[in-house]
Structures are given as C-alpha cells and as structure tokens.
Amino acid sequence: MYDLIVIGTGPGGYVCAIRAAQLGLKVAVVEKNKTFGGTCLNIGCIPSKALLAASEKFAEADHALAGFGVIVDKPRLDLKAMMKHKDDTVAANVNGVAFLFKKNKIDSFIGTGEIKKAGVVEVTTDDGARQSLVTKNIVIATGSDVAPLPGLEIDETQIVSSTGALSLGKVPGKIVIVGAGVIGLELGSVWRRLGAEVLVVEFLDHILGPMDGEVGRQFQRMLEKQGFEFLLGHKVTKADKAESGIKVTIAPANGGDEIIRDADIVLVAIGRRPFIDGLGLEAAGIATERGRVVIDEHFATNVPGIYAIGDVVRGPMLAHKAEDEGIAVAEIIAGQHGHVNYEAIPSVVYTMPEIASVGATEEELKARGIAYNAGKFPFTANGRARANRQTEGFVKILADATTDRVLGAHIVGAGAGEAIAELCVLMEFGGSAEDLARTCHAHPTLSEAIREAALAVAKRAIHI
C-alpha cells in the first residue's frame, strides 16, 4: 500500500510527489502520457520559452545589433535547428523529472488513472491492461487542456492549438490568433519575429484579460509597433479551409457586418479548461463545480483522503501556483501545515518586453473600495536600460493609502519575469513601499526602476 498516489505529473503533480517522498511517504505517480512533466514541460511553458528565446535572438540579429555598432549580415532562419533546440530543451526537462522520481524512490505507472473509490486507483495502459493500486491518500493533479471554440475544429495543421503552433514546419505568411491572452501573444511574438503577419482577434475590448488596464493598453501599443494587428471587440465565427489557405470570418462581438481575412494558420488560444475526463469523479462521489474539482482550504475534496491541486481547482492556471499547492498538500498529508499565499503569486507574459504582475490591479482595488497610492517609474529614465537599449516599459507599485503595505506591482520591461520576484518577497513579508524605497539597489541596474517606483509612491522619486 502507498501513502500517496498522485495522478498527473505536471508541475503540481511531480513537485507534490517529490515533496511527499522527502517527508518519508511511500509515493507513486500515474501519468497518461509516455513522458513526465505534463503540458508545461512537454507542450507548454518550456517549449514556448525555448522558441521565444530563439526567435528573440533572431530578431535581435536582424535589426537590433546595429544600434550597438555590431554589424552583421542579414540573418538566415534555420527553423529545423530552432525546433531541435526546443525539442532538446523539452527532453532535458522531462528526463530530469524521471531522474528525480528515481532519486526519491517514487514508483511510476504509465497509463490512465481512474479513482474507483477512496484509496483505490485503477491504471489502464494503452494495450488495455488494468492494475489496481491501493493507497491511503490520492492527489488529483491532472492539469488542463485546450479550450475548444465552437465552429473551429482543431486539426493541428491549419487550425492549431498552442501544441500545433509550437511545431509548425515553416513560417506562415499570415497567422490569425483567436484570443489576446498570454498564450496567443507569446506564440504570436515567436512567429511575428520570424516573419509572419499576425492578426489577433479578441472578443473583449482589451488585451490580456484581467491584467492591469494601463499595462494592457501600453503593451498593445508596443506590440503594434512590432507589427501586430488587433481586432478587439470581435470574434471568429468560421474558418473555411482550402489547400491555398484559410478564409477566416470575423464579426463584431456586439453584432454587425462580418469581414473575411485570409490566413495560412489559425491559432485558437482562448484559454484552457480543467482536464478531469476519465477520472471517475462522479462515480467516486467527488464534487465538481463548473468543470473544476471543489476543494476546501486544505485542498481536500468532499471525499476523505482525496485531494486536488493545480489547474483542476480554483485559482489561476499557472505552473508555479500548482507547484506551491503540490508542496502544501504534501506537507498537510504528512501532518504538517502547508499553506499557499495566493496574494503573492506572480503572472508573467514572456514576450519582449516582458510583463510581470503580482497582487492587485488598480481596477481591482477600485472595485473593492480600497484607497491606495500608486508609484510609477519609466525605464526611459533608467541608466542601465538606456545602455541596454531596452527603455520600453515601466514599473508600477500600488500601496495601501493608510498602511503603505504593497498590494500589487506591475512591470513592463526587459527581464520583468525575473524582477517581479523582488516584489513577491516584499509582499510575502507584508512589506511597505517605504521598506523597498529604503533598500539599497546596485547601480546601474534595471532593478533601480523598482526602487524608484517605490519612492514614487510617496512622490519622492529621484530620477524623474
């Protein structure tokens, strides 16, 4: 008998299994795919970042190096080699997870896991063989899948999801992206840098959904300068495929005349949905709500001994959020006091410039009636940003008007995904803008913009 069986080995699942093993539990994992790591490592976070990094180097060589006095011939794209870099990166990561399972003496079972009842997981392999595993606890960590769009059948050739968009055989002449969220903008950036014409169609009247409004508006202008075209307040109603391309029918969200646009590729990127198919939740009596597993503050479902984390439960669908939940639930099962602070979970868009946010937006604070002070500092006034020719963007810090405690922070700029960690640490410790403003930052660094934004909360920034 196992102490814990984790179903799914994405970031939440494999981290949960490793932490539980560290705490002395006998652990097994069940994975329906042939490799570990889930969507993130195989067809999501990791491969997309590999292509984002590679395409950014291509774009830099194409038109950014001359400004530094570095003159090179016009670069030529070897897409096959770029894809090999992506595949090698994925392989290194998934093999790393397999190694960690062996190191921590975690048993792995490849097949589809179904919860027959509390304490029993049945694993069905591809050839139909079945095996029942007995355990004291079960953690559901099966992640999410691509959200479909009615009327657009994904074939991963012409009409693709993020999976297909990561493996195109050639650079499309024209790509229409349905959805202006993180996935669409990141993958659009890859193919735009490599030469594709990119049109983004978004149902809402703004990009990046719930992110800070000022961030979204300014970032849209930056992307338009890079060659993106946006149709906001519109929806794709039909995509007619032909050998020569696709005729995409687009209509205003609130009604009106349709327009037809040509495309070589249509990328459906309207979001993701929890993956709970085949788990046997209903038969096992596990409660769900709107497609998500219902849990309490300790990640427990309504069935004793069964827990759930990550994309299948409430909260943002982020790999690092799932990891934190995986660690917390493993500690709870082991008799400790695992906890996740959802107010300090960052979100990052890995475009260029990057966007990183943590905590509340201005819109959220206004809606909650919380008085706040905002401090903002542009990278155009930062010495290192000028030296790097990376002056696009800004840092914005939002602090409680009474206590000065930082409630949210938003960065648009080069390296924002790394820089946001400083704000996460500050918020984790309940820090104030004054605390950050009095912390010495090395000069010259991009991080000085963060300190200046903290100073600006009290209207005492030095360099603007």
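Let me start with strand E12 and strand E13 (residues 245–252), which pair in the antiparallel sense over eight bridges. Strands here are DSSP runs of at least two residues, labelled E, and helices are runs of H or I with at least four, both numbered from the N terminus. Two strands pair if DSSP finds at least two bridges between them. One of these bridges joins His-234 to Pro-252 in E13.

A word on the model. It is predicted, so local features need pLDDT of at least 70 and side-chain atom pairs count only at pLDDT 80 or more, while totals for chains, interfaces and linings use all residues. Residues are numbered from 1 along each chain as its sequence is written, and side-chain values use heavy atoms, with hydrogens and water left out.

Back to the sheet. Its three strands run in the order E12-E13-E14, open and antiparallel. E12 (234–242) and E14 (259–263) are at the edges with a single partner strand each, so one side of each has no neighbour in the sheet. Neighbouring strands are turned by 25° against each other on average, direction ignored.

Another open sheet has five strands, in the order E8-E15-E9-E10-E11, with parallel pairing. Which strands stand at its edges? They are E8 (159–160) and E11 (229–232). E8 pairs with E15 (residues 265–268) over two bridges, in the parallel sense, and Val-160 has Leu-267 in E15 as its bridge partner. Helix H6 (residues 182–193) packs on this sheet, touching E9 (174–178), E10 (197–202), E11 and E15, and its direction makes about 165° with that of E10. Contact means heavy atoms within 4.5 Å.

Now two helices. H3 (residues 45–63) and H4 (residues 79–103) pack at an angle of about 140°, with axes 9 Å apart. Axes are lines fitted to C-alpha atoms, for helices over the stretch in contact, and angles run from 0 to 180 degrees between N-to-C directions. Among the residues that meet are Ile-46, Pro-47 and Leu-51 in H3, and Met-82, Met-83 and Val-90 in H4. By class, this contact has eight nonpolar, four polar and one charged residues.

Last, Thr-9, in the loop between strand E1 (2–7) and helix H1 (11–22). Is Thr-9 buried or exposed? Thr-9 is buried, at a relative accessible area of 0%; buried means under 20%, exposed over 50%, partly exposed in between, with a 1.4 Å probe and protein chains only. Not counting residues up to four places away in sequence, Thr-9 touches several others, including Tyr-14, Phe-36 and Phe-101.

Methods:
Nonpolar A, V, L, I, M, F, W, Y, C, P; charged D, E, K, R; others polar.
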